[in-house]
Amino acid sequence: MLDVERLEEGLREQTAGFARAATGGDPQAIVPTCPEWPLRVLVGHIGQAHRWTAELLRKGEPVSVPDPWQAEPGAPEGWEEWLRAGAEDLLDALRESGADMEMWTFLGPRPALFWLRRMLADTAVHHYDAAATTGAVFEIAGDLALDVVDEGMEMLVAPGAEQLKPDLVELRGRGERLGVRPRSGDGWVLIRTPEGLRCERGPVPAEADVVVSGAAADLMLVCSRRLPLGDARVEITGDRALMEHWLARMAF
């Protein structure tokens with residue numbers, strides 16, 4: 001996991017990238033990767049989510065989840081400043097609480113840092129959604145993209161994850177191994193056991209049942225179901241149907 005300073009920097013980077021991608025777009029344009037939302041609602045969701053998280057961190061307990069359709073991001077020319085202010089509010093709240101302070105999360109008590117990683121992941125994936133809507137270039141540093149994947153893997157195997165996301169029960173198995181292999185550094189191996197998923201960080205073995213390989217950003221997009229497995233930027237070896245089955249059930 002990245003240190004607090006890099007995660008804070010990463011949230012600023014991805015919020016700024018999201019704002020650049022969204023600004024100038026048609027507020028009513030349908031987001032192709034979130035077709036239930038127009039661009040204005042996507043922008044509202046991110047700014048609203050950052051502010052909701054700030055409130056949660058300050059209270060240390062659950063607060064009502066807001067409706068993104070009710071968010072008021074203002075006129076498009078003000079989106080960048082509104083989004084930046086929301087991210088800074090979140091970071092201020094984290095400094096007030098302390099990154100190690102244990103508090104409520106939907107997976108049980110966790111350090112407050114959980115929420116910074118969760119919001120970085122959400123912002124990064126929706127940055128791609130905004131870029132896909134407006135035709136902007138999507139960029140994310142490799143270390144941030146890998147942390148988004150790592151955070152997602154940790155949630156998949158966390159105690160209580162199956163109660164939160166019942167589809168995960170269908171990922172139980174008989175020892176099948178699914179690998180995610182970045183071009184540099186260690187990857188992840190998900191092991192489907194009768195009791196549930198396990199995740200191991202390290203080299204991906206050649207004998208894994210299926211492996212997806214690619215650049216960090218592209219693996220992030222595959223794992224968040226934004227990039228199809230048939231895209232030339234990633235390589236699939238092994239049981240492709242097994243990977244499709246996994247991806248259809250894993251995203252939070």
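Arg240 is partly exposed, with a relative accessible area of 38%, where partly exposed covers values between buried, under 20%, and exposed, over 50% (1.4 Å probe, protein chains only). The model is predicted, so that local features need pLDDT of at least 70 and side-chain atom pairs count only at pLDDT 80 or more, whereas totals for chains, interfaces and linings use all residues. Residues are numbered from 1 along each chain as its sequence is written, and side-chain values use heavy atoms, with hydrogens and water left out.

Arg240 belongs to helix α8 (residues 240-250), helices being DSSP runs of H or I of at least four residues, numbered from the N terminus. When neighbours within four places in sequence are set aside, Arg240 is in contact with Val210, Leu229 and Gly230, contact meaning heavy atoms within 4.5 Å. Ala85, by comparison, is 155 residues from Arg240 in sequence and 43 Å from it in space, C-alpha to C-alpha.

Helix α4 (residues 113-134) consists of 22 residues and reaches 32 Å from its first C-alpha to its last, close to the expected 32 Å at 1.5 Å a residue; the expected span is 1.5 Å times one less than the number of residues. Of the 22 residues of α4, 20 are buried, so the helix is largely enclosed by the rest of the structure. Just after α4, Gly135 adopts a positive phi of about 85 degrees.

Two helix pairs were examined through their axes, which are lines fitted to C-alpha atoms over the stretch in contact, with angles running from 0 to 180 degrees between N-to-C directions. The axes of α1 (residues 4-22) and α2 (residues 39-59) come within 11 Å and cross at roughly 160 degrees, which makes α1 roughly antiparallel to α2; angles over 145 degrees count as roughly antiparallel, and those under 35 as roughly parallel. In this contact, Leu11, Thr15, Phe18 and Ala22 of α1 meet Leu39, Leu42, Val43, Ile46 and His50 of α2. By class, the contact of α1 with α2 has seven nonpolar, two polar and no charged residues, where Ala, Val, Leu, Ile, Met, Phe, Trp, Tyr, Cys and Pro count as nonpolar, Asp, Glu, Lys and Arg as charged, and the others, Gly among them, as polar.

For α5 (residues 142-156) and α7 (residues 216-223), the axes come within 8 Å and cross at roughly 30 degrees, which makes α5 roughly parallel to α7. The contact of α5 with α7 comprises ten nonpolar residues, one polar and no charged.

Note on methods
Helix = DSSP H or I, 4+ residues; strand = E, 2+ residues; numbered from the N terminus. Parallel < 35°, antiparallel > 145°, perpendicular 65-115°, else oblique.
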